[in-house]
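Please have the model open as you read.

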Amino acid sequence: MRSYVCTVCGYVYDPKKGDSDNGIKPGTPFSKLPDDWVCPDCGAPKDAFEPID
């Protein structure tokens, strides 16, 4: 599973860790995040994220 970085603030969403503060369980791929999920650091929408190679 690929990690994704917020192009606004640099936050990295790691699917191995998930986002427990927002109810996202470890193992959740970025593509399966809810459409209304936002960056936990800056509030940017999902479309502000890019995959990390």
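Which residue lies over the face of Phe30? It is Lys46, at 5.4 Å from the ring centre. Keep in mind that this is a predicted model.

**The stacked pair**
- Tyr4 and Phe30 form a stacked aromatic pair, with 4.1 Å centre to centre and 10° between the planes.
- This pair links distant parts of the chain, 26 residues apart: Tyr4 sits in strand S1 (residues 4–6), while Phe30 belongs to the loop between strand S2 (12–13) and strand S3 (49–51).
- Phe30 has a relative accessible area of 9%, so this residue is buried, given that buried means under 20%.

**The edge-to-face pair**
- The ring centres of Tyr11 and Phe49 are 6.5 Å apart and the planes stand at 85°, so this pair is edge-to-face.
- Because Tyr11 is found in the loop between S1 and S2 and Phe49 in strand S3, the pair ties together parts that are 38 residues apart in sequence.
- Tyr11 counts as buried because its relative accessibility is 17%.
- Phe49 is buried too, at 7% relative accessibility.

**The cluster**
- Tyr4, Tyr11, Tyr13, Phe30, Trp37 and Phe49 make up one aromatic cluster.
- Among its members are Tyr4 and Phe30, the stacked pair, as well as Tyr11 and Phe49, the edge-to-face pair.

How values were computed. Residues numbered from 1 in each chain as written. Predicted model: local features only at pLDDT ≥ 70, side-chain atom pairs only at ≥ 80, totals over all residues. Heavy atoms only, no water. Phe/Tyr/Trp six-rings, centres within 6.5 Å; stacked < 30°, edge-to-face > 60°. Helix = DSSP H or I, 4+ residues; strand = E, 2+ residues; numbered from the N terminus. Buried < 20%, exposed > 50% of the residue type's maximum accessible area, 1.4 Å probe, protein only. Lys NZ or Arg CZ within 6 Å of the ring centre and 35° of its normal.
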